[in-house]
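Please walk me through this model in the viewer, one selection at a time. Tell me what to pick and what is found there.

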Amino acid sequence: MKISKIFKNALLVLTACVVLSACATKKEIATDIQGSMQGDVYTGTDTVEYLAEGVPDRVFFATNESILTTASRETLRAQAAWMRKNSSINVVLEGHADERGTREYNLALGERRANAAKDYLMTYGISSDRITVLSYGKERPVDSGSNPLSWSKNRRSVTVKAN
Amino acid sequence: MIKKIITLFLILIPINSYALIEVDITRGNLDPLPVAVSPLSIDEKSRKSFEKALKKKNIGEEISSIVENNLSTSGLFNPLSKEAFLQAPDIANLKPRFEDWNLIKAQALITGKVNYVDDKLRVEFRLWDVLAAKEMMALAFTTVPSNWRRVGHIISDKVYERLTGEKGYFDTRIIYVAEEGPKTQRIKKLAIMDQDGFNNKFLTLGNELVLTPRFNPTSQMVTYLSYFKNLPRVYLLDIETGTQEVVGDFPGMTFAPRFSPDGKKIIMSFAKDGKSDIYTMDLENRIVERITNHPSIDTSPSYSPDGKYITFNSDRSGYQQIYIMKSDGSDVKRISFGNGLYGTPVWSPRGDLIAFTKLHKGKFYIGVMRTDGKGERLLTENYYQEAPSWSPNGRVLIFYRETKTDDKGKGFTAKLWSIDLTGYNERRIKTLTDASDPSWSSLLSN
């Protein structure tokens, strides 16, 4: 038992080494986006606003995807709790895509992302009557840059108070 | 406001039926036909009347330079410098001295004259085959003087048609989205201009976001997407009267509109619950029909010119690809199988090709494929470009391209470009502002 635990720890250390060395070799790229992207999903806090303390207003997506990440689900649970507490507040979920796609497809993709967020809010008890979905496709980027980090900030669904 | 359909008083002086000069437009034309466009001759009285009416010193020269510019931008013709012309316009129009035109290597010659008659503009012009020393075509028509630019375009179309055997595309307009301001708060307005960039007009004020305007192939109607009151919906706009209305009564976003080839229906996407499907609405009886029903994104529909098929964009395979189906939604077939993603399919007015935008390894391409998906040809590659629209004769594609203005990716410009189906003759179309989402009209006159 004990030996296996040691072995496990050793393995962890080993993995960490591998990861670190991988980081070291890609240092130039890593310094730019370090800590703010996982895969190509934005995980930083730049551009994020707060609906209330501890309630971030937006979730981020991978390229061409509308799947909610663990972090996104956590954000949406906080939003659902905040909406349950403030039962008079309605929201608009604004879905966005990055610029690396055709305009019409991105309109649909923005709608799909906002609906992914809407569905999750509904499973946490928020009535669909309180949620409006609005897709902007790639028309309203929050970051005007043309690089992977900017695009990751733009692939988002933002919860906006409607009243 | 727009546009008294030009009345063509055709005095068709007999056309020689045997082909003289011919221009092959099916291949990249690396050796454009040398053509001399002699200024339309004008008598002093007419010149003064036009100067008063139109504020143009010599309307004959103005019209000729429109013709020259059109022929030159087509890439098929090489208008020769007027300085080399030996014969005066009025005499050339009566009877060209072919040896003189031969000497400057002109193979075709356009002559003509313009008159001010009863407050109208009367023009006549002739096309001559210099080598054969023969008249190929002669035509005269009358219109209101304010149509003078269109006169130049109509002459260009007739010359193009006579020399290539196919309809021209010069007497046409482009509707597009005029853009300004920073990327994060871009202001977009509908705008319309002549195919050569003149007579630009803004049709909306920029108070709401507007996207993807498209012409009705049979009338002066336009369909587009507007975010009026923050409700993205497909609208119908009559550019003659300026009246507009929402298309259909959908409980959510409608987008990606286009007209059917007979102009009687609008086909578009409706997005609901994360799914986008394709619908049509009949503009006469307002009946809405659902065409696709799939949990994927189905968008960017475009009819075949006979109205029997629809090409569209779907990610039902996992990623954006191009499909075709019958116009009732049956027999759905995927036709794009190359590497990368495919979007914005548009059926050629000739029926044989589908133009598209392709994304592959961080680059955007405008390309064409046959309607069975075979014979893919990429015409142009760039950092970012999309949304091809066909010229009415199916020989030229117009699209828009964004270019970064510094290497950090900050700042950008959006411009309209055109390219021949052959992949040659790529050129920028001048616009007053940044521009995107161009749509080419049908020929205004025939």
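Select strands 13 and 14 (residues 265-272) of chain B: the two pair in the antiparallel sense over four bridges. This is a predicted model. Within the pair, pick Phe255(B), which stands opposite Ser269(B) in strand 14 of chain B.

Four strands of chain B form an open sheet in the order 13-14-15-16, and the pairing is antiparallel. Strand 13 (254-259) and strand 16 (288-290) of chain B are the edge strands, each pairing on one side only. On average, neighbouring strands of this sheet are turned by 25° against each other, direction ignored.

Now move along chain B to another open sheet, of four strands in the order 17-18-19-20, again with antiparallel pairing. Its edges are strand 17 (298-303) and strand 20 (333-334) of chain B; each has a single partner strand, so one side of each is left without a neighbour in the sheet. Inside this sheet, select strand 18 (residues 309-314) and strand 19 (residues 321-326) of chain B, which run antiparallel and are joined by six bridges. Ile310(B) stands opposite Met325(B) in strand 19 of chain B.

Last, show both chains and select their contact. Chain A gives 24 residues to the contact and chain B gives 32 residues. On the side of chain A that touches chain B, the elements giving two or more residues are helix 4 (103-123) and strand 7 (131-137) of chain A. Helix 4 of chain A supplies the largest share of that side, ten residues. Colour the side of chain A that touches chain B by class: eight residues are nonpolar, nine polar and seven charged.

Terms used. Residues numbered from 1 in each chain as written. Chains lettered and ligands numbered in written order. Predicted model: local features only at pLDDT ≥ 70, side-chain atom pairs only at ≥ 80, totals over all residues. Contact = placed C-beta atoms within 7 Å. Nonpolar A, V, L, I, M, F, W, Y, C, P; charged D, E, K, R; others polar. Pairing = 2+ DSSP bridges. Axes fitted to C-alpha atoms, helices over the stretch in contact; angles between N-to-C directions.
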